[in-house]
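Keep the 3D view open as you read.

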Amino acid sequence: MPKPTVTVWMEEGVHSAIFAQQAVVGVFKLPLITYLCCVIGLPPVHPNVHSTQKGRLLMSSITSTQVVSLSTQAPRPLPVWRRWLRKIEWRLLLLPLIGLLLWQGWALLAESNYYADFIVPHPDTVWARLEERWADGSLVTHVAVTLREALSGLFIASLIATALGYIIARVKIFDYLLTPYLIFLQAIPVIAISPLIIIWFGSGLASKVVIAAMITWFPMMIATIVGIRNVSPNLREMMRANAASRWQIFRHLEVPSAMPELLGGLKIAVTLSVVGAAVGEFVSAREGLGYLVMYGRGISDTPTVVLAVLMLTVVSLVLYSLVAMLETSLLSWRKAGKP
Amino acid sequence: MIQTQTAILHADHIHHTFTAANGQPIPALEDVSLALAPGTFTALIGPSGCGKSTLLRILAGLVKPTSGQVQFGGLALDRPQRRISLIFQKDNLMPWRTVYENIELPLQLAGVAKTEKEQRVAHLLSITDLLGFENHYPAELSGGMAQRVAIARGLINEPDVLLMDEPFGALDALTREQMGQELLRIWATTQATVLMVTHSISEAVFLADRVLVMSPRPGHIIREVPIPFTRPRGIELLTDTTFTQLAAQIRAAIH
């Protein structure tokens, strides 16, 4: 005797569901009760009856069939205090702890006298330098100079790179003609060429801006190309069907659609711009955090070098956080529909 | 056949040929002529890959046919018009725009004033049963709701012609039946001329005033079936004998 088998067939279509089945379990979603479930034994219908008519018969029997089981209610929304708890950045609570550990570890290492003071200076000495340079205002000047160089370079690079990236992504002939030369440009090591840039543009602001721009344009251009190429062709067609102009397609489709990639590129570029400014200042400068590093090294004052490096890190971090915040506010729609 | 003089959209001996990646020409449409009378609902049905979507894109002015001409309101159609609206199989909503902003898009592109935009979006939100969802993003909607948003967007310009490319193709069968009825209800409140491409025979018979049947590629219209049912049409029509006969007639024409 053959083993009896039970076949469960998931089906969305009423017609095909009853075409082959002996019993149908209907699952419905209702506004208040999450799920309503009922089992309907199919009325004996002659197999030759058209499926549509069978479907009507079934539909009428569903309404008269009693509800077999009711599932539980929808999950209750979280209480307010738990939603607030979720919003807190718990990682930040660790920050003072980690900071304290690092500081103490560093202090212990310095106090062990295993390394000379000019190799591992005591954190208190670095703190003293910070206070001195804060008091005479030179710290703010150095930070401001580096920040200005980095941001100017980033700004100019972003303008050129997004324009270039856009035409390369949209016009095949530009991609074909320009791309090899642009890659050649990127292949020049910025650090190696920076002395030349100083010779050409002088040791003031201009040369640092050029170096910062040279180091940031490539990630911005690649981000633009990827972003524009990723614009959905279906949405393009929808815009065209709505008689949108080229400018409208750019403004309302391409820019918002490429925004995630553009902001990703900006995240990379913004920290690189600080690197570019510092590199320029290493070669030749009279102010700026990179200059401060070289100055400290020149007079064998390691605490000043450490201070300058820490300040460069802080500048990078702050700039990165600003872009990350911009991302959170511009791309808030990406959180939609996710638990 | 409808007199071409009274037609709002009229395709005259359309031929269209694609070029495949290997350079081979692929004839997609062969001598297609059709005329849509104002305010009528026409369904276009045919096997997969018979060129239905291409024909719709040609009628929307998105694709230029290899030969033949499309006339809209008596003038040659050479590019997309705001008076012609195209609704796609995929909802094609912008994920970064809310429901409200998505519906508003065609008005924004046409430069309509703010107060009028608000009124019209509010009206469409109510007839497509989307009130309360205007600030939701597409990712938060079900397939049926997203398609209703797409339909609302397609109707917001109060188009003369509504071209629909399997608008319910991505939906499950139950939602599909419901959406068909809703479409009829919404359509009754507009004066739009509708041409709808569909794969579903019963959907075509249920919704349309006439059904055009296309042959496999290269597509041409092989059959025209007028649907005599009066409106409004209810779901009970699906079990009507005439309905079943018409469906069988169309099924036979396709195969």
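Among contacts in chain A between residues at least 6 apart in sequence, 65% join residues at least 24 apart, where a contact means heavy atoms within 4.5 Å. This is a predicted model, in which local features need pLDDT of at least 70 and side-chain atom pairs count only at pLDDT 80 or more, while totals for chains, interfaces and linings use all residues. Residues are numbered from 1 along each chain as its sequence is written, chains are lettered from A and ligands numbered from 1 in the order in which they are written, and side-chain values use heavy atoms, with hydrogens and water left out.

Chain A has 13 helices and three strands; these are DSSP runs numbered from the N terminus, with helices (H or I) of at least four residues and strands (E) of at least two. Of its 339 residues, 37% count as buried, that is, under 20% relative accessible area with a 1.4 Å probe, protein chains only.

How far can you trust each part? The mean pLDDT of chain A is 83, and 77% of its residues reach 70 or more; pLDDT is the predictor's confidence in each residue, from 0 to 100. Confidence in chain A is highest in helix H6 (residues 138-170), at a mean of 96, and lowest in strand E3 (residues 69-70), at 38. Over residues 62-73 of chain A the pLDDT is below 50, yet beyond near neighbours in sequence this stretch has 20 contacts in the model.

Now turn to the partner chain. The contact takes 27 residues from chain A and 32 residues from chain B. About 2700 Å² is buried between chain A and chain B, with carbon and sulfur atoms giving 64% of that area; buried area is the accessible area (1.4 Å probe) that two parts lose on being put together, summed over both.

The rule finds one salt bridge across this interface, meaning a side-chain nitrogen of Lys or Arg within 4 Å of a carboxyl oxygen of Asp or Glu. Arg57(B) forms a salt bridge with Glu237(A), their closest N and O atoms being 2.6 Å apart. On the side of chain A that touches chain B, H10(A) gives the largest share, seven residues.

Glu237(A) is also among the buried residues of H10(A), which include Leu235(A), Arg236(A) and Met238(A). Just after H10(A), Ala243(A) takes a positive phi of about 55°.

Methods
Buried means under 20% relative accessible area, exposed over 50%, partly exposed in between (1.4 Å probe, protein chains only).
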